[in-house]
Amino acid sequence: MAIDKTVQAVFDRAIYLINWQQDTDGATKTEKTKEYQARAIGLLNTLLDAVFPASDNYRPAGGMRPALPDIRDFTDELELDARVLRDVLPNGLAAKFLTEEDPALSNYFQQCYERSLAEARYNAPATFEDIDTGCGGIELGQFGRW
């Protein structure tokens, strides 16, 4: 099962959410969405750092915060999980698109984005690791003072 991870797919979903697609064929890159096209890549770049930790491929290592590369084109692929690509990012992008022209609808999509982001973080797969406390030699508390 292939997942479309392109910026275009996220853009399409955001346009469908705000109902600005072409009614006849569902096309999202039209004259009436030209302004959204111009803003989409920049807006998505502002959302990446917030959504990446909620993706199942986020792996901090060596005390360094991992980062995704900047988006440059609609054909770029985003290395994020399906939940973030299909739900979180489209809602966040729809909210950003509508901030000036329809603040009430923008607020609705912002709430959907925040809820979806919280759920994605909460439901992200986790791993368990042993913790070495560095307190060797105190087995069974035999040298402890009780």
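Predicted model: local features only at pLDDT ≥ 70, side-chain atom pairs only at ≥ 80, totals over all residues.
1. Overall make-up. The protein chain holds 4 helices and 0 strands. Read from the N terminus, its elements run α-α-α-α. The chain has 146 residues, and 36% of them count as buried.

2. Reach of the contacts. Take the contacts between residues at least 6 apart in sequence. Of these, 66% join residues at least 24 apart.

3. The α1 and α2 pair. Helix α1 covers residues 7-18, and helix α2 covers residues 34-51. They pack at an angle of about 115°. Their axes lie 11 Å apart. The crossing of α1 past α2 is right-handed.

4. What α1 and α2 bring together. From α1 come V7, V10, F11, I15 and I18. They meet Y36, Q37, A40, I41 and L44 of α2. By class, the residues of this contact are 9 nonpolar and 1 polar, with no charged residue.

5. The α3 and α4 pair. Helix α3 spans residues 82-97, and helix α4 spans residues 103-122. Their axes are 7 Å apart, and the packing angle is about 150°. An angle over 145 degrees counts as roughly antiparallel. Therefore α3 is roughly antiparallel to α4. The crossing of α3 past α4 is left-handed.

6. What α3 and α4 bring together. The α3 side supplies R83, D87, V88, N91, G92, A94 and A95. The α4 side supplies S106, F109, Q110, C112, Y113, S116, L117, E119 and A120. The residues of this contact divide into 8 nonpolar, 5 polar and 3 charged.

7. A closer look at S116. S116 sits in helix α4.

8. Partners of S116. Which residues does S116 touch, once its neighbours within four places in sequence are set aside? They are R83, D87, V88 and N91. R83, D87, V88 and N91 are also among the α3 residues that meet α4. With D87 there is a polar contact: the two side chains are joined at 2.9 Å.

9. Points to check in the viewer. Start with α3 and α4, and look for the left-handed crossing. Then find S116 in α4 and follow its side chain to D87. Finish with α1 and α2, where the crossing is right-handed.

Key
Residues numbered from 1 in each chain as written. Heavy atoms only, no water. Axes fitted to C-alpha atoms, helices over the stretch in contact; angles between N-to-C directions. Helix = DSSP H or I, 4+ residues; strand = E, 2+ residues; numbered from the N terminus. Parallel < 35°, antiparallel > 145°, perpendicular 65-115°, else oblique. Left-handed = near helix turned anticlockwise from the far one by under 90°. Contact = heavy atoms within 4.5 Å. Nonpolar A, V, L, I, M, F, W, Y, C, P; charged D, E, K, R; others polar. Polar contact = N/O pair within 3.5 Å; in protein donor to acceptor, adjacent residues only side chain to side chain. Buried < 20%, exposed > 50% of the residue type's maximum accessible area, 1.4 Å probe, protein only.
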